[in-house]
Amino acid sequence: MLYREAGQFKTNYVADSAIFPLREDRIGLTLIILAAYALAFLGNSFLLQAVMIPFLVFSLAAIGLNILTGYTGLLSLGTGAFMGVGAYACYKLMTAFPDVNVIVWIFASGFFSAAIGALFGLPSLRIKGFYLAVATLAAQFFLQWCFIRIPWLVNYNVSGALDAPLRTLFGIPIMGPNATPQTRYLVVLTIVIVLTWLASNLVHGRIGRMWIAIRDMDLAAELMGIRPLQTKLLAFAVSSYYCGVAGALLVFLWYGGAEYDVFNINQSFFILFMVIIGGLGSLIGSFFGAALIFILPIILGIVLPAILSPFGISVGADVIEHLRFMIVGALIIFFLIVEPHGLARLWQIGKQKLLVWPFPY
Amino acid sequence: MRAPDHPVMGKGDVLLAVENVSLGFGGVKALTDVSFDIRKSEIRAIIGPNGAGKTSMLNCINGFYYPTEGRITFKGVKRPKMRPYVAARGGIARTFQNVALFKSMSTLDNIMAGRSIKMRSNFFWQLFRHGPAMKEEVEHRRFVEEIIDFLEIQHIRKVPVGRLPYGLQKRVELGRALAMEPELLLLDEPMAGMNLEEKEDMSRFILEVNQQYGTTIALIEHDMGVVMDLSDRVVVLEYGRKIADGTPAEVKNDQRVIDAYLGVAH
């Protein structure tokens, strides 16, 4: 049989508490990772530059927000700003210390957004839900104001924009105008895989359990000795770290340069929608959410004219654009009604059904 | 299960003393001048009609409320004003009247979450789920499996607790509290809403925890049969005041208790 639990016995607790206890899952994951790397050599530069790199960047940001909103239950609308902190920190670091490899600075930039995130997470001890969301809006507006008003952040660049300088890894340009989409894709893919793996370790261990405990029943968690403030601030810090790295990748490995307004409130909402539709409290859901919200419109833009033309309907690009919005919007509503817990839950249900297929249970 | 690793007090020493405790919320007095003690390794029942202040008393003991007057001494030390997690770290565990489990987690994870305060490995190892983090995970898993065996919930180990029937949820909640290896276990209506068989099981678990591991238990319960059979001593509250304190037999025959439960003709 293709996908079965039967016959896979666990003889120790390490094997039993593995993140992917099923052999089929492990094989599937390996295949997906291999396929993702193969894509760098098979895909054209449009696919890599306009689809895959942004998809991975948004997935990473969605993982970040998912740690905060999905796992710890703290609603945040400051994602865009925390991404911005990462991008600006990365810019400052790599222009101040051009000799250090830029990969180091991409990872280091996350620490700055983690610190800022933890600072703006302080109100979370006293306020929850929508009120916390409003408090994190303060971060969004204040930080965006900083990006505009503090010219030091962009090294007194008159345009006020961040631009990606030329940076190399093993002599190959990975950043700046000379870097090919292929190399940038490989760098982004590797960073996203590493960070996803670390996030998955965190959420499956003690810290993840503490986060979920705070989300599910904060009073009971506190009565079990879990310190609410430390746990929530840790979630803010880790979440903002991921957002910060995603922000740095977004500007320097996708756009190649950007202004403050990429980190506006729309960006925060965009990521939040990905998390909600993908599935709160699920890492794979973050990827699903990013795919649905970001890739689906692109696919529709290509597929719709192809579907409509055999019927003799030729429509302008503007109509396609409108149709795209309508279809994506309708699909979002459809998925939320079918499964309010997001695509990740659908995926899980599908896997459970497959385990016992062809029997109903 | 291992014995608690806190400094051990002898059986019969006063583990927790409540002295002249009053608790008010604005004009409402939930507790007035209540004093009693809980001795090491006993089962102490707190009973009383609805609204007598029993749960408020437990909330005071585990730091969820702070008494407006009076003091609480735990293990011979007067407690400062403190947060619930400090009480938890001091060795007080608790279950709730309406089950307060982490609904999306499995039984196993719920009980593992109860071990959180015992786990020490740092963030770095947690990130890699390797070395000390994994070693610790396995070590505590072993302990949790003992609790799972003890409570006979092996078959629901990996089921999210939100899907479990009420009786089993109560049992998992007891397991989560036991995972903290508490010195004082507060049970808020552990048998509420259970049928006879489930009550018998739960009573058996409570007695076994008390006798085998010497855990001190304070419980609130409305089923008088259970209270009289399980507890060593009973304290009776009515309208926030203590009206009786003593062995089940003494309390049962106390005129004020009978009046409180049956009402008096005026």
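Good morning. In helix H4 of chain A, the residues A:Thr79, A:Gly80 and A:Met83 meet A:Ile265, A:Gln267, A:Ser268, A:Ile271 and A:Leu272 of H11(A), where contact means C-beta atoms, placed from the backbone, within 7 Å. Helices here are DSSP runs of H or I with at least four residues, strands are runs of E with at least two, and both are numbered from the N terminus.

The model is predicted: local features need pLDDT of at least 70, side-chain atom pairs count only at pLDDT 80 or more, and totals for chains, interfaces and linings use all residues. Residues are numbered from 1 along each chain as its sequence is written, with chains lettered from A and ligands numbered from 1 in the order in which they are written.

The axes of H4(A), residues 79-96, and H11(A), residues 265-278, come within 6 Å and cross at roughly 110°; axes are lines fitted to C-alpha atoms over the stretch in contact, with angles from 0 to 180 degrees between N-to-C directions. The two helices are therefore roughly perpendicular, a term covering 65 to 115 degrees.

Turning to the chains, their contact takes 25 residues from chain A and 31 residues from chain B. On the side of chain A that touches chain B, H8(A) gives the most, with seven residues.

Finally, chain B holds an open sheet of four strands, ordered S2-S1-S4-S5, with antiparallel pairing; strands pair if DSSP finds at least two bridges between them. S2 (28-39) and S5 (77-78) of chain B stand at the edges, each with a single partner strand, so one side of each lacks a neighbour in the sheet. S4(B), residues 69-74, pairs with S5(B) over two bridges, and B:Thr73 has B:Lys78 in S5(B) as its bridge partner.

Definitions and conventions
Contact = placed C-beta atoms within 7 Å. Parallel < 35°, antiparallel > 145°, perpendicular 65-115°, else oblique.
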